[in-house]
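Dear colleague,

Please find below the structure that I am handing over to you.

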Amino acid sequence: MKRYSVPRTVFFFLLSLVIMVALVGNAPQRATAAGSPETIRVNTFNDGQDYAVNGVCSVGDITDGPCSLRAALTEAQFHIWAGTSVTIELPPGEYKLTVTEPAHPDDDDDWDYGDLDVVYPPPEEVDARLVVYGLGPGPAVINAQGIDRVLEIGIRYKVEIYRVVFKNGLTRSTTSDYGWGGGIYFQGRELLLSEVSFIGNEARGQAAGSQFQYGLGGALAVRNNAQGEGMVRIFGGDYLDNKADLGSAILRNEGYAFLSIYGATFHGNESGPARDVIRSETPMYLVNSTVTGNTARPHPDTGITFPLGVSAFRTTWIQNSTLENEGGQGNLLCNGAECWVRSSLFRKNSASGSPNCAVVNNGRLLSEGGNIADDYSCWEQPAEGDRVISSGDWQLAQRFGYYWMPYGTSPVLDRSPYPCEALMYIGPDGLPVEGGLYEDQRGNGRDDGACDAGAIEGITTFGYLPWTVR
Ligand SMILES: [Ca+2]
Ligand SMILES: [Ca+2]
Ligand SMILES: [Ca+2]
Ligand SMILES: [Ca+2]
């Protein structure tokens, strides 16, 4: 736990007294009668500690210093503690984390050093929310420069993050075998990531030396097994070149709340040998997303790599997504779970011998139709529109980053005779709501009445062929 210097301890004690008096004063309504939301605008790209917890974001001076991201998050914790929601506004640019002295062990909860910590637990009944909002138009990049992970969120927090890039986080556990979350380590109640990207983050376990054995969730690790807590909703964003043993991009430790991933791209992430890019031990939706071109570190003895795309340990729905795993262990492994595939594209296109999809521990692979694959492994029984092709027949070109674009008379086009349907959102009751899927991953209309397989809908007005096949 956090160690305070004596003056700070006294300060926190006094602050706690003040807040507790306020809480006791009108205890029954406190959670809903919170103050009006606070907005804190960060006005320096430099890292620096908040001078004192006094309601003013200020580095180096009690009230007149610049407001760093670190200082803003420190103040935000105590507003939320008192029941007030906080929005932190981040102008575009690069925020480099630099505060490493005095030397602190990795993996601790001290918000003044290393990773950014929002860990001071709010009272159970608090319903306040932390919003970190990239103002745009360019991205707000938080670059941890390898000094630690980027951000840690503790229990009971509800957090929304918009238009931020988490970059070069590196966690190396010194307190347990496991290193959690190179970009974000989340243990709160709800996390929403909208147009949030993760680039070059890494999680390493204690025993791993320079390796990343026992690293969990290179970009994002989520750990909360309380009933109804730990819900994660992802809209958009790129997960590029992150590294961890399990879940090179995302690891969701055991839980009950949904993990929904909508319109995201996973590329170039590197797992341990035969390990996964996305590993979910909670129910999951993967919609309008692309999981292609990920790798695995070679096994030190055998040299075998064999990356795996998605590991599903609870009921999982793959809808209108593109999964490509050249030479890997496969795209989808259903481990004791039901996996429902709909209007998705599973491509291995190689002679590695591993199937696109597999089950272990009595998992099930169930089709809702409109899928296409280059083997028969992704459904026990085909449903309407499902089709298996030989690996040469895709007519797909990889363009615009990592999207696989159909051209010509690609068999992915109009794979289903119906409009696309998919997850729309997770409702306030924590349950998924499905409906029409009107846009593809790039934001183009899915409006021709016949759903294409994969994350990208062909556009008839585009003629399909402005691109050369590679
Ligand atoms: Ca302050
Ligand atoms: Ca921390
Ligand atoms: Ca820290
Ligand atoms: Ca279509």
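Strand 13 and strand 18 run parallel and are joined by 5 bridges. Within this pair, Leu-191 has Val-232 of strand 18 as its bridge partner. Strands (E, at least two residues) and helices (H or I, at least four residues) are DSSP runs, numbered from the N terminus, and two strands pair if DSSP finds at least two bridges between them.

The model is a predicted one, in which local features need pLDDT of at least 70 and side-chain atom pairs count only at pLDDT 80 or more, whereas totals for chains, interfaces and linings use all residues. Residues are numbered from 1 along each chain as its sequence is written, while chains are lettered from A and ligands numbered from 1 in the order in which they are written.

Val-232 also pairs on its other strand partner: its bridge partner in strand 21 is Leu-259. Strand 18 (residues 231-235) and strand 21 (residues 259-262) run parallel and are joined by 4 bridges. Strand 13 (residues 190-194) is likewise joined to strand 8 (residues 158-162), by 5 bridges, and Glu-160 has Leu-192 as its bridge partner there.

These strands belong to an open sheet of 11 parallel strands in the order 1-2-5-8-13-18-21-25-29-32-35. Strand 1 (38-41) and strand 35 (364-367) each have a single partner strand, so one side of each has no neighbour in the sheet.

Strand 1 and strand 2 run parallel, with 4 bridges between them, and Thr-39 has Thr-87 as its bridge partner in strand 2. From strand 1 the chain passes through helix 2 to strand 2 in a right-handed β-α-β crossover (with the strands pointing away from the viewer, the path from the first strand over the helix to the second runs clockwise).

A residue is buried if 20 or more other C-beta atoms, placed from the backbone, lie within 10 Å of its own.

Ile-88 and Ala-76 are among the residues that touch the most other members of the largest nonpolar core, which has 117 residues. Such a core is a set of buried Ala, Val, Leu, Ile, Met, Phe, Trp, Tyr and Cys residues joined through C-beta atoms within 7 Å. Helix 2 supplies the largest share of this core, 6 residues.

With kind regards

Methods
Buried ≥ 20, exposed ≤ 12 C-beta atoms within 10 Å, placed from the backbone.
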